[in-house]
Amino acid sequence: MNMLNSVILEGDITKTGDVVQFADGHQLEVTIAVKRQFRNRAGFTVEETSEFNVVAYGNVADLLAKKGTIGQGIRVVGRLTQVKWVADDREQSAIKLIAEHIEYKPKKSQKKETEDEEQHF
């Protein structure tokens, strides 16, 4: 049986990094905040925010470097990977999202301009 490792996340960029060059390519890592709203048992609306590290390579990284500003909304399609290391004699690990495709949401000012233009027709 094949195993599936596929993720879609939508969120806003909260932290950008620098493009890192390798001998066979380059990468860019950003952090996105993903919000979730739900009602708790008491009936109150609660909002929780989770942050995820997203790693892009090659052309995906190039476009992310150009368009990926803090606050930009994005939809990331990709896969999860686990990174392991040892620090202070303790094993550490982190889960990262490897971006295979990124869609960029229109910024609010662009969206409003588009809506204004549509009203004139």
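Guide: Before we start, two strands count as paired if DSSP finds at least two bridges between them. Strands are DSSP runs of E with at least two residues, helices are runs of H or I with at least four, and numbering goes from the N terminus. This is a predicted model, where local features need pLDDT of at least 70, side-chain atom pairs count only at pLDDT 80 or more, and totals for chains, interfaces and linings use all residues. Residues are numbered from 1 along each chain as its sequence is written, and side-chain values use heavy atoms, with hydrogens and water left out.

Visitor: Okay, how many bridges link β5 and β6?

Guide: Look at residues 90-104 for β6, which pairs with β5 in the antiparallel sense. The β5–β6 bridge count is 14.

Visitor: And which residue in β5 is the bridge partner of Ile-8?

Guide: Strand β1 covers residues 7-16 and β5 covers residues 73-87; they run antiparallel over six bridges. For Ile-8, the partner in β5 is Val-77.

Visitor: What's the phi of Asp-88 in the turn?

Guide: Two residues sit between β5 and β6 in this hairpin. Asp-88 isn't a glycine, yet its phi is positive, at about 55 degrees.

Visitor: Is Asp-89 buried or exposed?

Guide: Asp-89 is in the loop between β5 and β6, and this non-glycine residue has a positive phi of about 60 degrees. Buried means under 20% relative accessible area, exposed over 50%, and partly exposed in between, using a 1.4 Å probe and protein chains only. Asp-89 has a relative accessible area of 78%, so it counts as exposed.
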